[in-house]
Amino acid sequence: MMAELSDIWVYLARDPLFGLTLTVLAYLAADRVYRRLGMHPLANPVLWSVIVLALVLRGTGISYERYFEGAQFIHVLLGPATVALAVPLYRALSTLRRQWRGLLVALPASVLVASLGAVALAWALGAGQTTLASVAPKAVTTPIAMGISERLGGLPSLTAVLVILTGILGAVLGPPLLSWLKVRDPRARGVALGAAAHGIGTARAFNESAETGAHASLAMGLAGVLTAILLPLAWMAMG
Amino acid sequence: MRSRIYIYVSILSSIALLLVFQLAGEATRHALALPIPGPVLGMLGLLLALALRGAWLRWRHQAAAEVPPALEQVAATLLGHLSLLFVPAGVGVVTHLSLLASEAVPLGAALVVSTLLAVAVGGWLMARALRSPAP
């Protein structure tokens with residue numbers, strides 16, 4: 001009986017379906033806990049699914065390559081999903097028409113501080129080239145950040161984790177920081193959270209008000225585009 | 001029944017539309033040797049197409065131009081579960097645990113300081129621009 005069970009296990013662990021099913025189940029469970037906890041940024045479902053799946057791989061001795069044979073079917077959807085970001089961005093264009101003057105100043109400044117500030121600090125503290133390329137796009141939405149990281153010679157998977165940690169930091173510390181700086185305008189709070197903390201910051205902004213959230217989503221999209229254009233150019237200029 | 005088939009077809013063509021724009025983005029990136037990721041170029045292409053379509057519809061019908069419902073539905077489905085799509089790549093961090101451990105201090109400091117600065121700079125500049133009257 002035990003022998004049969006372990007035979008089945010060996011068979012299942014080799015099947016690509018295993019990685020695929022495990023990913024969906026881990027995410028569903030993490031998402032349920034996240035909703036149960038009132039969508040607190042620290043309960044971020046991506047972070048916790050990654051932790052749970054990493055522990056499962058370590059516990060079962062399944063290699064990441066084998067896991068990815070199944071999980072890649074989810075991964076390929078990142079490309080079309082990035083293209084689909086055009087739809088919410090198109091709907092936010094009316095906000096852009098009203099706020100372009102402020103955004104023209106605030107967005108490039110926030111994007112530059114977020115990316116080059118992180119690179120400069122990590123470099124000063126002795127981080128290597130690969131780490132610097134991985135941390136540079138950490139403030140923008142994950143699909144765009146992973147694409148940039150790959151172009152710069154970073155590790156997209158490290159970038160994915162850094163992006164999520166950035167989002168959590170921004171969502172937890174951003175609102176009290178903005179209040180402390182006496183930034184009370186919901187439009188300015190939204191732009192700050194969306195530009196510096198992408199989707200996780202945007203979700204937090206929607207908790208404050210719909211207006212804050214709308215400005216956060218626009219800032220997130222534009223910051224992603226801006227970073228994708230400016231950062232590789234800055235990277236080439238710096239050599 | 002007929003309308004249901006129509007919806008299926010237009011959902012399928014919306015998926016095809018996303019793939020075609022992604023492919024066009026990748027092709028443009030290769031052809032022009034651009035450092036920008038292909039899907040981002042695809043997103044900009046789709047945004048431009050939607051804006052042109054909107055301008056055309058407004059000019060022809062003088063009505064607000066909405067996104068085609070099928071495309072809206074496909075985008076909402078993909079983006080509604082966007083977080084799930086990062087998980088497979090995120091798990092890849094297990095292959096870089098030693099790098100992460102050896103550079104935890106520079107990475108941690110860089111994340112905390114740059115994120116706080118970016119929030120402060122973005123919020124402060126935007127608030128200032130909103131207070132000053134338009135010229």
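In this predicted model, the centres of domain 1 of chain A and domain 2 of chain A, taken over C-alpha atoms, are separated by 28 Å. Domain 1 of chain A covers 2–76 and domain 2 of chain A covers 83–238. Where they touch, 7 residues come from domain 1 of chain A and 8 residues from domain 2 of chain A. The side that domain 1 of chain A turns to domain 2 of chain A consists of 6 nonpolar residues and 1 polar residue, with no charged residues.

## Confidence

For the complex, the predictor gives an ipTM of 0.87 and a pTM of 0.83. Chain B has a mean pLDDT of 86, and 89% of its residues reach 70 or more.

Chain B has 6 helices and 0 strands, in the order α-α-α-α-α-α along the sequence. Of its 135 residues, 38% are buried. Among contacts in chain B with a separation of 6 or more, 34% join residues 24 or more positions apart.

The contact between the chains takes 66 residues from chain B and 90 residues from chain A. On the side of chain B that touches chain A, at least two residues are supplied by each of helix H1 (2–32), helix H2 (38–61), helix H3 (69–80), helix H4 (82–91), helix H5 (97–102) and helix H6 (104–131) of chain B. H6(B) gives the most to this side, with 24 residues. By class, the side of chain B that touches chain A has 53 nonpolar, 11 polar and 2 charged residues.

One residue with contacts across to chain A is B:Leu47, which touches A:Ala86, A:Leu89 and A:Tyr90, leaving aside residues up to four places away in sequence. B:Leu47 is in helix H2 of chain B. B:Leu47 counts as buried because 20 other C-beta atoms lie within 10 Å, and the cut-off for a buried residue is 20 or more. B:Leu47 and B:Leu17 are 30 residues apart in sequence, and their C-alpha atoms are 12 Å apart in space.

## Helix packing in chain A

Two packed helices are described by the angle between their axes and the distance between the axes. For helix H7 (residues 93–124) of chain A and helix H11 (residues 186–208) of chain A, the angle is about 35 degrees and the axes are 10 Å apart. The crossing of H7(A) and H11(A) is right-handed. H7(A) contributes A:Gln99, A:Leu103, A:Ala106, A:Leu107, A:Ser110, A:Val111 and A:Ala114 to the contact, while H11(A) contributes A:Arg187, A:Val191, A:Ala195 and A:Ala196. The contact of H7(A) with H11(A) divides into 8 nonpolar, 2 polar and 1 charged residues.

Another residue of helix H11 of chain A is A:Gly201. A:Gly201 is buried, with 32 C-beta neighbours inside 10 Å. Not counting residues up to four places away in sequence, A:Gly201 touches A:Gly167, A:Gly170, A:Ala171, A:Gly174, A:Leu193, A:Gly194, A:Ala196 and A:Ala216. A:Gly201 and A:Ala188 are 13 residues apart in sequence and 13 Å apart from C-alpha to C-alpha.

## Positive phi values

Most residues other than glycine have a negative phi. The table lists the phi of each residue beside its C-beta neighbours.

| Residue | Phi | C-beta atoms within 10 Å | Class |
|---|---|---|---|
| A:Lys182 | near 60 degrees | 9 neighbours | exposed |

A:Lys182 counts as exposed because it has 9 C-beta neighbours inside 10 Å, the cut-off for an exposed residue being 12 or fewer.

Conventions. Residues numbered from 1 in each chain as written. Chains lettered and ligands numbered in written order. Predicted model: local features only at pLDDT ≥ 70, side-chain atom pairs only at ≥ 80, totals over all residues. Helix = DSSP H or I, 4+ residues; strand = E, 2+ residues; numbered from the N terminus. Contact = placed C-beta atoms within 7 Å. Domains from an automatic or database assignment. Nonpolar A, V, L, I, M, F, W, Y, C, P; charged D, E, K, R; others polar. Axes fitted to C-alpha atoms, helices over the stretch in contact; angles between N-to-C directions. Left-handed = near helix turned anticlockwise from the far one by under 90°. pLDDT = per-residue confidence, 0-100.
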